[in-house]
Amino acid sequence: IASDSLTTGELMSLLTYCMNILMSLMMLSMVFVMVTMASSSAKRIVEVLDEKSSLTNPEQPVYEVKDGSIEFDHVDFAYGDEQDKEAQQEKCVLRDINLSIHSGETIGIIGGTGSSKSTFVQLIPRLYDVLNGAVKVGGVDVRDYDIETLRNEVSMVLQKNVLFSGTILENLCWGNKDATEEECRHACELAQASEFIEKMPQGYETYIEQGGTNVSGGQKQRISLARALLKEPSILVLDDTTSAVDMETESQIQDALARIENETVFIIAHRISSIKDADVIIVLSDGEIAEMGNHDELIQKKGYYYTVFMHQYGEHDAA
């Protein structure tokens, strides 16, 4: 430029061309990086798609669940590789569970954190296979059932419920896709959800955001409970389902569930009020049944259940 052999414009063009070449080389190198990342991701996705469940149907599965009666026959359970049973036996989370439950009974389950309450009920729809013993539903070992048939007869409502993006009616129909609007309304009445749904501007056509972010925790629990009831299962499992609702609503839900006939109900709870009226109350401790009986019987034993009751209600109510 100083000697007038190169103009300012030509220098700027040279720098622009250099930058363009450099950017192209950088993009080319990024392509190789992205291909490597995509290849690794694809391998992981294929591994998941090719993964086969260890739970399979028997050669001649049973396609009908007689009733909601349940029997735990000296059940041991541990998480881990089924092939290594000796190692599993040493780390059992459930040990020698032995009990019989009649169809239509309400069973309350209480225990400290980590006492395997949720694991206990997850054996009923055969989410896992037992290590020793057998779990029987309707008098038949769960391993002899067609898995889909068995799980269609068991509805589980968890503490952390999932609502999908769509209307309330569409969310309810996940429980029973053939349900009529009248049946959906009836299920919501039982779950004490109809009151707040009808107050919404669009009622049952109200749109639920992904994950149910536009409804409260208690409302999510009641919608999820209604969805489970709509399925009309033989066995209903409530895993701390009413933890986010007030005491009055919880009492109304319990009264509604008590009116349902021929449905075995499991209620896992930390509040005595949730299970006080159950036919049988099971106290789990370190994977074993520490106490079992109705409310009055457990109060008389003055064990773990009595201690929790005293903390929540005080000596006056115990008397």
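Is Asn171 buried or exposed, and what is its relative accessible area? In this predicted model, local features require pLDDT of at least 70 and side-chain atom pairs count only at pLDDT 80 or more, whereas totals for chains, interfaces and linings use all residues. Residues are numbered from 1 along each chain as its sequence is written, and side-chain values use heavy atoms, with hydrogens and water left out.

Asn171 is buried, with a relative accessible area of 2%; buried denotes under 20% relative accessible area, exposed over 50%, and partly exposed the range in between, for a 1.4 Å probe and protein chains only. The residue belongs to helix 5, which spans residues 168-172. Beyond residues up to four places away in sequence, Asn171 touches Leu163, Phe164, Gly166, Ile208 and Arg227, a contact being heavy atoms within 4.5 Å.

The chain contains 13 helices and twelve strands, assigned as DSSP runs (helices H or I, at least four residues; strands E, at least two) and numbered from the N terminus. Of its 319 residues, 42% count as buried. Among contacts between residues at least 6 apart in sequence, 71% join residues at least 24 apart.

Along the principal axes, the C-alpha atoms fill a box of roughly 110 × 55 × 45 Å.
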